[in-house]
Amino acid sequence: MPGFIARWILNTLALFLISWLVPGIHGDSIVALAIAAAVLGLLNAIVKPILFWLTLPLTILTLGLFLIVLNAIMLGLTAYLVPGFAIDGFWPAAIGGLLLGILSLFINRVGREES
């Protein structure tokens, strides 16, 4: 359980950093970003694997670059579901998804080391 909480806090900080760096991604408060991080985690656990399998041929065809689009879709869906977290369009979502994917590599490593 402590690893889960640490990853959630780190994902919240990652969303805060991305909303600060990427124009077009807005978080009204740290609470909205924490809720967005939790919703994004649930969507990544439930919806993303389904979308991954449905789009696997396209992912193979683009040599994995379509995963950036899947990350953008997950961020856009999160922005749709969470009040106080907004994304202005596809390109901010794609850049945010790319940055979040890179940061998640490090966050998941920290979560595994603690648990």
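A helix here is a DSSP run of H or I that is at least four residues long. I keep that in mind for these notes on a predicted model.

**Entry: T59**

I looked up T59 to see where it sits. T59 lies in helix α3, which covers residues 56–61. Is T59 buried or exposed? Its relative accessible area is 6%, and buried means under 20%, so T59 is buried. Next I listed its contacts, leaving aside neighbours within four places in sequence. T59 is in contact with F52, G64, F66 and L67.

**Entry: aromatic pairs**

How many aromatic pairs does the structure hold? It holds 2. In one of them, F52 pairs with W53. The ring centres are 5.7 Å apart, with 75° between the planes, and the pair is edge-to-face. F52 is partly exposed, at 26% relative accessible area. W53 is exposed, at 61%.

I then turned to F90 and W91. Their ring centres lie 5.1 Å apart. Their planes meet at 70°, and over 60 counts as edge-to-face, so this pair is edge-to-face. F90 is partly exposed, with a relative accessible area of 42%. W91 is exposed, with 62%.

**Entry: helix α4**

Helix α4 runs over residues 66–81 and has 16 residues. I checked its span. At 1.5 Å a residue, α4 should span 22 Å. Its end C-alpha atoms are 23 Å apart, which agrees.

Which residues of α4 are buried? I noted F66, L70, N71, A72, M74, L75, T78 and A79. An α-helix has 3.6 residues a turn, so residues three or four places apart point the same way. I went back to the list with that in mind. It includes F66, L70, M74 and T78. It also includes L75 and A79.

**Entry: the nonpolar core**

L75 came up again here. The largest nonpolar core has 21 residues. Those with the most contacts inside it are L15, I25, L75, F85, I87 and L100. Which elements give two or more residues to this core? They are α1 (2–21), α2 (30–54), α4, β2 (85–87) and α5 (90–114). The largest share, 5 residues, comes from α2.

**Entry: I25**

I picked I25 from the core list and looked up what it touches. I did not count residues up to four places away in sequence. I25 touches I18, S19, F85, A86, I87, P92 and G96. Among these, F85 and I87 are also on the list of core residues with the most contacts.

Note on methods:
Residues are numbered from 1 along each chain as its sequence is written. This is a predicted model: local features need pLDDT of at least 70, side-chain atom pairs count only at pLDDT 80 or more; totals for chains, interfaces and linings use all residues. Side-chain values use heavy atoms; hydrogens and water are left out. Rings of Phe, Tyr and Trp (its six-membered ring) pair if their centres lie within 6.5 Å; planes under 30 degrees apart count as stacked, over 60 as edge-to-face and the rest as tilted. Buried means under 20% relative accessible area, exposed over 50%, partly exposed in between (1.4 Å probe, protein chains only). Contact means heavy atoms within 4.5 Å. The expected span of a helix is 1.5 Å times one less than its number of residues. A nonpolar core is a set of buried Ala, Val, Leu, Ile, Met, Phe, Trp, Tyr and Cys residues joined through side-chain atoms within 4.5 Å.
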